[in-house]
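Morning, everyone. Please bring up the sequence and the model. I'll take us through it in a few minutes.

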Amino acid sequence: ETAIKLFIDDLVSPTSSHDNYLNFAWEFDFEKSKSSIINAQLYHSLSMVIIGYSFPYYNRKVDKLILESFLISKSNILNRITFYLQYPTIEECDRIKRKIISIINSIKGFENFIGLEKTFVPIYTEDQFYIPNELLQ
């Protein structure tokens with residue numbers, strides 16, 4: 001316990017020799033990131049794997065930005081997008097699916113989005129991160 005506390009104290013210390021690459025969503029400029037990194041990464045993607053993320057309300061602005069960037073170039077091919085939801089139970093997958101649909105419905109042009117049955121694919125495993133078959137080819 002003491003070793004862990006010392007490591008964490010050293011990691012967050014301003015004089016730490018360790019580089020911290022973890023950032024929270026509220027620690028970056030939304031608009032700058034939207035126009036560059038997020039759009040570039042999501043523009044051609046047809047699938048998104050969501051692993052254990054709870055979609056907390058305080059992060060709604062960033063979640064909406066990410067989902068908007070994912071969907072904006074796909075308004076004519078919504079039948080081809082897939083959200084893989086990796087959670088331990090069907091109830092949790094259903095709860096997250098409802099949150100995603102709610103966020104998408106707040107995006108201009110996607111107000112009536114409900115998704116097809118194949119749009120949301122539940123993955124019930126906790127032993128490793130899920131990698132969709134389309135990425136393994």
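One definition before we start. In what follows, Ala, Val, Leu, Ile, Met, Phe, Trp, Tyr, Cys and Pro count as nonpolar. Asp, Glu, Lys and Arg count as charged. The others, Gly among them, are polar. Keep in mind that this is a predicted model.

Met-48, Val-49, Ile-50 and Ile-51 are on the list, along with Tyr-53 and Phe-55. Asp-63, Ile-66 and Leu-67 are lining residues too.

Which element gives the largest share of that lining? Strand 1 does, with four residues. Strand 1 covers 47-51, and both strand 1 and helix 3 supply at least two lining residues each.

Ile-51 sits in strand 1. Is Ile-51 buried, partly exposed or exposed? Its relative accessibility is 33%, so Ile-51 counts as partly exposed. To be buried, a residue has to be under 20%. Who does Ile-51 touch? Set aside the neighbours within four places in sequence, and the contacts of Ile-51 are Gln-86, Phe-129 and Tyr-130. Look at Tyr-87 as well. Tyr-87 and Ile-51 are 36 residues apart along the chain, yet their C-alpha atoms are separated by 6.5 Å.

Next, helix 3. Helix 3 runs over residues 60-71, and helix 4 over residues 90-105. The two pack with axes 9 Å apart, at an angle of about 75°. Angles of 65 to 115 degrees count as roughly perpendicular, and therefore helix 3 and helix 4 are roughly perpendicular to each other. Which residues make the contact? From helix 3, we have Arg-60, Asp-63, Lys-64, Leu-67 and Leu-71. From helix 4, we have Ile-100, Ile-103 and Ile-104. By class, that contact has five nonpolar residues, no polar ones and three charged. You have met Asp-63 and Leu-67 already, in the pocket lining.

Finally, step back to the whole protein. There are five helices and three strands. Along the sequence, the pattern reads α-α-β-α-β-α-β-α. Of the 137 residues, 28% are buried. And take the contacts between residues at least 6 apart in sequence: 72% of them join residues at least 24 apart.

That's my tour. Over to you.

Terms used:
Residues numbered from 1 in each chain as written. Predicted model: local features only at pLDDT ≥ 70, side-chain atom pairs only at ≥ 80, totals over all residues. Heavy atoms only, no water. Axes fitted to C-alpha atoms, helices over the stretch in contact; angles between N-to-C directions. Parallel < 35°, antiparallel > 145°, perpendicular 65-115°, else oblique. Contact = heavy atoms within 4.5 Å. 1 Å grid on protein atoms, 1.4 Å probe; cavity = no way out; pocket = protein on both sides within 12 Å on 5 of 7 lines; lining within 4 Å. Buried < 20%, exposed > 50% of the residue type's maximum accessible area, 1.4 Å probe, protein only.
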